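I opened my notebook to look up a few things in this structure.

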Amino acid sequence: MEQKPARVRVLDAAHELMLTVGLARATTKEIARAAGCSEAALYKYFASKEELFIQVLHERLPRLTPLLRSLAAEPGRGTPERNLTEIARQAALFYEQSFPIAVSLYAEMQLKRRHDQAMREMGSGPHVPIEELDAYLRAEQALGRIAPGADTFAAASLLLGACAQRAFAYDAAPSGERPPVDDFAARLARTLLAGIADA
């Protein structure tokens, strides 16, 4: 059986370690060892641990940002309800899978500050999906499919905030189960549109 390329092995190992021990405790040395390569080989593909984290989010988790960008680039495609349902579904899955990785950042504030700075330098961060969804909603608003007075930034924040909360809140629920993602996404999209759709 042919071995995967080193870059793919590094991403796979980083994803697995970040899920199991968290971002703060997954060292580049451990990631390289799990990938079966040297730490120098890891740095051949990724300039920093933060860059590796961003690439894990982009390449191993549900693809939220490309969906948002494609919808903003072509407003009017599909119905707003169908589009928002798919956005909510992808966002809920993204947050569900990224929370276990990122939560360890909050245990070490110095690491979080370094991580935040690196994300700013790379033009990335948790604010980006909100801005992308806001851009999509404004494009739909320009077509008359979202009410002229609707606050698209607030709507984007509400939808993505609900998706993030779904990932976080239900771990402590008696059943330990989250609401099913498809039903959650459809209900969220319908409720949001009830407040912002053009009558």
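I began with residues 4-64, whose end C-alpha atoms lie 26 Å apart. That span is 72% helix and 0% strand. The model I am reading is predicted. I then checked the record: an unreviewed UniProt entry annotates residues 4-64 as "domain: HTH tetR-type".

Next came the aromatic rings. A pair of them is described by the distance of the centres and the angle of the planes. How many aromatic pairs did I find? The count comes to three. I looked up Phe94 and Tyr95, which form an edge-to-face pair, with 5.5 Å from centre to centre and 75° between the planes. Phe94 and Tyr95 are both buried.

Then I turned to Tyr95 and Phe99. Why is this pair edge-to-face? The planes of Tyr95 and Phe99 stand at 75°, and an angle over 60 degrees counts as edge-to-face. Their ring centres are 6.4 Å apart, and the cut-off for a pair is within 6.5 Å. I also noted that Tyr95 and Phe99 are about one helical turn apart, because they are four residues apart in helix H6 (residues 80-102).

Is Tyr95 buried or exposed? I wrote down buried, because its relative accessible area is 11% and buried means under 20%.

Stepping back, I noted one aromatic cluster formed by Phe94, Tyr95, Phe99 and Phe168.

My last entry is about a charge and a ring. Which residue lies over the face of Phe184? I found Arg166 there, at 5.6 Å from the ring centre.

Definitions and conventions:
Residues are numbered from 1 along each chain as its sequence is written. This is a predicted model: local features need pLDDT of at least 70, side-chain atom pairs count only at pLDDT 80 or more; totals for chains, interfaces and linings use all residues. Side-chain values use heavy atoms; hydrogens and water are left out. Rings of Phe, Tyr and Trp (its six-membered ring) pair if their centres lie within 6.5 Å; planes under 30 degrees apart count as stacked, over 60 as edge-to-face and the rest as tilted. Buried means under 20% relative accessible area, exposed over 50%, partly exposed in between (1.4 Å probe, protein chains only). Helices (H or I, at least four residues) and strands (E, at least two) are DSSP runs, numbered from the N terminus. A charge sits over a ring if NZ of Lys or CZ of Arg is within 6 Å of the ring centre and within 35 degrees of the ring normal. UniProt positions are given in the numbering used here, feature names are shortened, and annotations may be inferred rather than shown by experiment.
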